[in-house]
Amino acid sequence: FGDNENSGAVEVGTTGCKSNPKYNSGSGHDQAYCKLTKPVTQVPIVPILMGCETQALSAGAEVVAVGFGEANDGLGWGPKREVTMKLNGITGGEAFIGGNGKDTCYGDSGGPVYIRLGDGSWRVFGITSYGEYCGGGGYYSMMHTEIAWIEQSSGIDLTPCHDAQGNWTPGPG
């Protein structure tokens, strides 16, 4: 966890990882998870876009992808970068995002895509999957479509936690 994959601020081992058994390139099932050996509390928790919030995923919405892959900045692979792009549309459980020179690239696969809601809060909704060429737009698997599989397979409850006033109140648990 950190700003450069070559010199992470915090290294945490895993007790195991699992890939979605429904995965097939272009299927929208490009999800996987790893269980960590210890909690990571230095990184803010960003809720998964769920339920009626998914209505924010409409063509033209501004989204932000983050990754450690290739870019045209001369720094090579490793430094964390972000790119703001437009959501072009959703088909077959995948979001097509970016183009016109804005995109994720080689080495960014598995990285998150975020959307900012009207109240200013952020949600994570996408997972960088594949594209034809850097800058041409790419395909991103959706997280909310496979939450049931992840929860059942991992034994971890990922659905949003709210207090009595309806505020999202995540915690280490």
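Which handedness does the torsion about the S-S bond give the disulfide of C105 and C134? I began my notebook with this matter, working on a predicted model.

**Entry 1: the disulfide of C105 and C134**

I looked up the torsion about the S-S bond of C105 and C134 and found about 75°, so this disulfide is right-handed. The sulfur atoms of the two residues are 1.7 Å apart. The bond joins distant parts of the chain, 29 residues apart: C105 is in the loop between β5 (94-97) and β6 (112-116), and C134 is in the loop between β7 (122-131) and β8 (138-142). I then checked accessibility. C105 has a relative accessible area of 15% and is therefore buried, since buried means under 20%. C134, at 31%, counts as partly exposed.

**Entry 2: the other disulfide**

I noted that the structure holds 2 disulfides. C17 and C34 form one of them, with sulfur atoms 2.0 Å apart. Their link is right-handed, with 105° about the S-S bond. C17 belongs to strand β1 (residues 14-19) and C34 to strand β2, so the pair ties together parts that are 17 residues apart in sequence. C34 is partly exposed, at 42% relative accessible area. When the bonded cysteines are numbered in sequence order, the pairing reads 1-2, 3-4. I also looked up C52, which is exposed at 62%.

**Entry 3: salt bridges**

I recorded 4 salt bridges from a search of the whole structure. As a general point, side chains of opposite charge can pair when their charged atoms come close.

- R123 forms a salt bridge with E53, and their closest N and O atoms are 3.0 Å apart. R123 lies in strand β7 and E53 in the loop between β2 and β3, so parts 70 residues apart in sequence are tied together. R123 is buried at 10% relative accessibility, whereas E53 is partly exposed at 23%.
- D3 and K80 meet through their side chains at 3.7 Å, N to O. D3 is in the segment before β1 and K80 in the loop between β3 and β4, so the bridge ties together parts 77 residues apart in sequence. I found D3 exposed, at 59%, and K80 partly exposed, at 39%.
- K22 and E146 form a salt bridge of 3.9 Å, N to O. K22 lies in the loop between β1 and β2, and E146 in the loop between β8 and α1 (147-154), so this pair connects parts 124 residues apart in sequence. E146 is buried, at 5% relative accessibility.

**Entry 4: nonpolar cores**

Which residues have the most contacts inside the largest nonpolar core? I found that they are I97, I115 and F125, in a core of 16 residues. β3 (62-67), β4 (81-91), β5, β6 and β8 each supply at least two residues of this core. The largest share, 3 residues, comes from β4. I also listed the contacts of I97 beyond its neighbours within four places in sequence; they include V63, M85, L87, V113, F125 and Y140. Another core, of 6 residues, lies apart from the largest one, and V124, I127, M143 and I147 are among its members.

**Entry 5: the surface and one backbone angle**

I looked next at a nonpolar patch on the surface, formed by F1, L36 and V43, with about 240 Å² of accessible area together. L36 lies in strand β2 (residues 32-36) and is partly exposed, at 36%.

Finally, I checked N100, in the loop between β5 and β6. Most residues other than glycine have a negative phi. N100 has a positive phi, near 55°. This residue is exposed, at 86% relative accessibility.

Terms used:
Residues numbered from 1 in each chain as written. Predicted model: local features only at pLDDT ≥ 70, side-chain atom pairs only at ≥ 80, totals over all residues. Heavy atoms only, no water. Patch = residues over 30% accessible without salt bridge, like charges linked within 9 Å, V, L, I, M, F, W, Y side chains within 5 Å. Areas by Shrake-Rupley, 256 points an atom, 1.4 Å probe, with all protein chains shown as cover. Helix = DSSP H or I, 4+ residues; strand = E, 2+ residues; numbered from the N terminus. Buried < 20%, exposed > 50% of the residue type's maximum accessible area, 1.4 Å probe, protein only. Disulfide = S-S within 2.5 Å. Core = buried A, V, L, I, M, F, W, Y, C linked by side-chain atoms within 4.5 Å. Contact = heavy atoms within 4.5 Å.
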